[in-house]
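Keep the viewer open as you read.

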Amino acid sequence: MSDNEVAQGRSAGADMAGAFESSGGHGPTPPSQITGHYSADNPDMVQFVDADGNRLGITEANEPYSCIVEEMTSQDARTIYRDLVLVRRIDAEGHALQRQGELGLWPSLLGQEAAQVGAGRALRPQDYAFPGYREHGVAWCRGVPPENLFGMFRGVNNGGWDSNANNFHLYTIVIGNQMLHGTGYAMGVKADGAVGTGDPDRDTAVMAFTGDGGTAQGDYNEALVFASVTAAPIVFFIQNNQWAISEPNDKQFTIPPYQRSRGFGIPGVLVDGNDPLATYAVCKAALDRARAGEGPTLIEAYTYRMGAHTTSDDPTKYRSDAEVEIWREKDPIKRMRGFMEEKGHADAEFFAAVDVEADEIAARIREACQTMHDPDPVTMFDNIYVEEHPVVAAERAEFQAYQASFVEEGSH
Amino acid sequence: MAGSKLTLAKGLNAGLRRAMEEDPKVVLMGEDVGKLGGVFRITEGLQKDFGEDRVIDTPLAESGIVGTAVGLALRGYRPVVEIQFDGFVYPAFDQIVSQVAKMHARSLGNLRVPMVIRIPCGGGIGAVEHHSESNEAYFAHTAGLRVVSCSNAADAYWMIQQAIQTDDPVIFFEPKRRYHERGQVEVDRDAGADLGLYESRVVREGTDATLLCYGPMVKTCLQAADAAAEEGRSLEVIDLRTLSPLDLPAILDSVRKTGHAIVVHEAQTFVGLGAEIATLIQQEAFYHLEAPVLRVGGYNIPYPPSRHEEHFLPDLDRVLDAVDRSLEY
């Protein structure tokens, strides 16, 4: 995008801000409109359905991906819709369980379902995902049992799933660390010769996830440098939900991630993160590119965090209800359902069945969470090292003796 | 028995070469490690023989070097990372303590990150600031990391191979002012296997006091022991070699024999390794002590400009002064 185009983008943003005002909202102007890089008609944004699910025409931005969408079947659409609904329900259950005191914390993905399901469904079994800590939707698509996510938020473990069982790495709390892990893993994939072979079961890609706040981190930027110079088979997937806790986009960058990637020598794609067809299509294209040995891609999924950063947050302190309402209109499930109804991809029975399944999963994971036992305290000394470490061994023995002393005294 | 006189630097180089020959998953990474062979030439010639995919010249980004090494390790490689100078490890500190150290535990044992982070350490070479740090305590304090320090060519050759073979992440300190000192290196496998990576070594036997040291201070302490011998004092010198875990039984055996212990290291004494060692000795061998455990180390100031470093670094006289104080009790 030229400087002139950026300036036009700012102008379009101003129009958007006007629309925001006319919608009856009060409070601060949404930061995305302040930075001006995003608007409903940003010509760079890949979109396939509008807010009501109407299929959009071919544009310069979506044309490279349109064949992927055209090839999607009714079954594909139903799979994605089911994912969106179930993931939202899992997330809602996580939020509820935290409020009931069953979890210490929950980072909600509400609003970001389309971004995560699109990415998750574009991954193949041999691909590897490196998440932050909000990627419950990607975890779902990878086959990680949702109740497994609750362990670390309940405080019974710091992860709790076998990363290699589903090629879904543990959640990473320190922002951006995982971008380097994904890059290094991708460097290993390339060193193994597992790219560009033409074998769809062998060629492998990596996807690393972070948010708009993560793009300010050193590790994120170093990851882009390493991936670029090594042509690593990795897709950086930025969910720009516009808020890094209380800090808006304009506190994180002046050039948006999808444009900034080009400065690293990595192509950048802006996608409507609330459009599940678009997120799936751009992810599939980028992953195919990585698997073919053509190097990294950065995808910026422009979306919105409808809830709080985590359950410890209070978004009413820093953003307006009106801004949230704007994004409620862009709800990914509403869009997907509208698209499917228009195209006849599913009937009312299907939609009702998905809702029933959501209820069942919610009940299942609620019970799993409530019956999750605290591990034996002595296990906190396990797996600190692969080989025995005398300090850990001594402290374990000391702890066990101390615990046993209470038993001997009959105090419990 | 095959052996030759090598410098500590060449011992490391030979050890790395052998590890790479024996395991194709061993890869070296760092700034300038390729054609240049590293600023200290530790990896000299290895890229030529093993290729750019196994001796990887990285961008100048320490967190990136360690963070991508984590990913490579997760993919099944055994990366050996070179940090160019001790003072440059701090940009990677987050990756080391937040990720490298904790990966095995937080994955409930499912994941391993078998990597070695080589750090040229310490002062005494007249370097500019940030080139003479002794930061071992930061890493020894972090559970999940193993920390070792070599002091001579033979240990350099064997310890680097042992560190690469272990499935735990290892911080590997190399005393840069000893890089060019020569020692006999027996390259026979059995000759090196007699001492484990986590065992200390009595490098000089004595009866009057124990000097506990590692890395660059081993030579200094041996010089002090020579000088003390001329005054009729018999000092035992222990090269700790391993800092996490400490080889506590060996430390206690010596202190129970001599009754006097002096810990010598370059790092600042405040909250340094010496504080831990002194505490462990008084906890475990209190009734054998004839004097408090003393420490000789750096002062609690930033590493000074190199024109002052001779006053900062423990030398033979400061060690002997501590011996005098200990034996006066």
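Ala77(A), Arg78(A), Ile80(A), Tyr81(A), Leu84(A), Val85(A) and Arg88(A) of H4(A) touch Pro332(A), Ile333(A), Met336(A), Arg337(A) and Met340(A) of H14(A). Sorted by class, the residues of this contact are nine nonpolar and three charged, with no polar ones. Please bear in mind that you are looking at a predicted model.

How do the two helices lie against each other? H4 of chain A covers residues 74-99 and H14 of chain A covers residues 332-343; their axes are 10 Å apart and the packing angle is about 155°. Angles over 145 degrees count as roughly antiparallel, and H4(A) and H14(A) are therefore roughly antiparallel to each other. The crossing of H4(A) past H14(A) is left-handed.

Now turn to chain B for another helix pair. Here the axes of H9 (residues 217-230) and H13 (residues 316-328) of chain B come within 9 Å and cross at roughly 60°. That angle makes H9(B) oblique to H13(B). Their crossing is right-handed. On the H9(B) side the contact is made by Thr220(B), Gln223(B), Ala224(B), Ala227(B) and Ala228(B), and on the H13(B) side by Leu316(B), Val319(B) and Leu320(B). By class, this contact of H9(B) with H13(B) has six nonpolar residues, two polar ones and no charged ones.

Next, step back to see how the chains meet. In the interface, 40 residues of chain A are in contact with 42 residues of chain B. Together the two chains bury about 3200 Å², and 58% of that is on carbon and sulfur atoms. On the chain A side, Phe226(A), Tyr385(A) and Val386(A) lose the most area to chain B, together accounting for 19% of what that side buries.

In chain A, Asn383(A) sits in the loop between helix H15 (348-370) and helix H16 (390-408). Asn383(A) has a positive phi of about 60°, although it is not a glycine. In chain B, Pro245(B) belongs to the loop between strand E12 (242-244) and helix H10 (248-258). The peptide bond leading from Ser244(B) to Pro245(B) is cis, with omega near 0°.

Finally, how confident is the prediction? Chain B has a mean pLDDT of 96, with 98% of its residues at 70 or more. For the model, the scores are ipTM 0.96 and pTM 0.94. Where pLDDT is low, predicted coordinates should not be read in detail.

Technical notes
Residues numbered from 1 in each chain as written. Chains lettered and ligands numbered in written order. Predicted model: local features only at pLDDT ≥ 70, side-chain atom pairs only at ≥ 80, totals over all residues. Heavy atoms only, no water. Axes fitted to C-alpha atoms, helices over the stretch in contact; angles between N-to-C directions. Helix = DSSP H or I, 4+ residues; strand = E, 2+ residues; numbered from the N terminus. Parallel < 35°, antiparallel > 145°, perpendicular 65-115°, else oblique. Left-handed = near helix turned anticlockwise from the far one by under 90°. Contact = heavy atoms within 4.5 Å. Nonpolar A, V, L, I, M, F, W, Y, C, P; charged D, E, K, R; others polar. pLDDT = per-residue confidence, 0-100. Buried area = accessible area lost by both parts, 1.4 Å probe.
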